[in-house]
Amino acid sequence: MTMLKTHLKTTEAQTEAATMIRVRGLSKQYAKTDSPALCEISFEVERGAFVTVLGRSGSGKTTLFRCLNRLIIPDAGEILIDGHSLTRLKGPALRDLRQGVATIFQQFNLIKRLTVLENVLAARLPYIPLWRIMLREFSRPDREWAYYCLERIGMSEYAGRRADTLSGGQQQRVAIARALAQQPIVILADEPIASLDPESATIVLEELKAISKTEGITVLCSLHQEAFALRYGARIIGLNRGHIAVDVPCEHFTAEQRDLIYSVSASNAPSNLS
Ligand code: ADP
Ligand code: MG
């Protein structure tokens with residue numbers, strides 16, 4: 001009996017250690033709206049996994065990501081990142097946890113008039129004294145680190161260029177370097193290819209996938225195109241009107257599941273269909 005208990009405890013601890021993101025009963029409704037943007041959603045993401053979140057416009061992808069990086073506070077539910085509660089932590093512990101979660105946006109969100117290197121350095125801001133930021137005088141180790149992150153995604157030759165002189169695809173790759181510079185355990189990429197041509201989209205998704213694999217970073221990437229989700233994700237979490245309509249490995253993705261994600265009459269979709 002004792003042995004069984006010990007075994008169960010060990011198995012539980014191992015499962016815990018293998019889970020990077022755990023979302024339980026997450027709900028969010030915006031003020032002055034008729035229905036929730038997220039409705040009691042639950043899922044887990046394994047450490048180091050690359051998972052795509054697929055759904056039409058308005059299905060709740062951005063709201064989910066904004067809860068995961070705590071830009072907004074959910075109405076109900078719990079989020080654990082690497083075993084720490086994002087919904088309960090406060091102060092420096094919360095700041096540290098948020099620093100571990102990097103976000104990549106559809107519109108890149110680079111500071112246009114700064115150089116590529118300075119944009120990547122921006123990810124180091126929590127570690128840089130204010131006077132250095134004011135004078136734009138960054139330390140050598142910080143510069144070297146930012147340069148290494150650019151090199152990591154093949155963009156170091158653009159280090160001195162103003163961010164707004166780059167193409168969309170190049171800007172998004174700089175945004176990936178900036179995310180890397182943050183030394184995250186999780187990257188949330190919210191429709192990172194929605195503003196890109198197919199060729200740049202492919203490069204960006206390949207970079208994200210490579211980072212996930214080589215650095216062991218857990219990546220949650222939202223997309224609205226099924227073809228890209230199938231090509232790059234190992235698993236698809238499909239959102240429809242704030243519900244999880246599908247949660248399957250890509251190789252098991254069927255036409256019926258596609259319909260569950262894209263159908264417009266899924267307001268009563270079950271929250272845990274897998
Ligand atoms: P997606 O990213 O999949 O397009 P969103 O999370 O942006 O979906 O939106 C989910 C739902 O929440 C939509 O119905 C949208 O209109 C609504 N919504 C999103 N942001 C706000 C907001 N700031 N205020 C009110 N409603 C919002
Ligand atoms: Mg969105």
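A residue is called buried when its relative accessible area is under 20%, exposed when over 50%, and partly exposed in between (1.4 Å probe, protein chains only). Lys28 is buried by this rule, with a relative accessible area of 13%.

This is a predicted model, in which local features need pLDDT of at least 70 and side-chain atom pairs count only at pLDDT 80 or more, while totals for chains, interfaces and linings use all residues. Residues are numbered from 1 along each chain as its sequence is written, chains are lettered from A and ligands numbered from 1 in the order in which they are written, and side-chain values use heavy atoms, with hydrogens and water left out.

Start with the sheet. Helices (H or I, at least four residues) and strands (E, at least two) are DSSP runs, numbered from the N terminus. Two strands pair if DSSP finds at least two bridges between them. Strands of a sheet pair through backbone hydrogen bonds, either parallel or antiparallel. Here 6 strands form an open sheet with mixed pairing, in the order S6-S7-S8-S3-S9-S10. At the edges are strand S6 (101-104) and strand S10 (243-249), and each pairs on one side only. Inside the sheet, S3 (residues 50-54) runs parallel to S8 (residues 218-223), and the two pair over 5 bridges. One detail can be traced by eye: Leu54 has Leu223 in S8 as its bridge partner.

A helix comes next. Helix H7 (residues 168-181) lies across S6 and strand S7 (186-190). H7 runs at about 175° to S6. Such angles run from 0 to 180 degrees between N-to-C directions, with axes as lines fitted to C-alpha atoms, for helices over the stretch in contact. Contact means heavy atoms within 4.5 Å.

Now turn to charges. A salt bridge is a side-chain nitrogen of Lys or Arg within 4 Å of a carboxyl oxygen of Asp or Glu. The structure holds 12 salt bridges. In one of them, Arg22 meets Glu44, with the closest N and O atoms 3.0 Å apart. Arg22 lies in strand S1 (residues 19-28) and Glu44 in strand S2 (residues 38-46), so the pair ties together parts 22 residues apart in sequence. Arg22 is buried at 12%, whereas Glu44 is partly exposed at 31%. Arg24 joins Arg22 and Glu44 in a network of salt bridges.

Lys28 returns here. Its side chain forms a salt bridge with Asp75 (4.0 Å, N to O). Asp75 lies in the loop between helix H2 (61-68) and strand S4 (76-81), and Lys28 in strand S1, so this pair ties together parts 47 residues apart in sequence.
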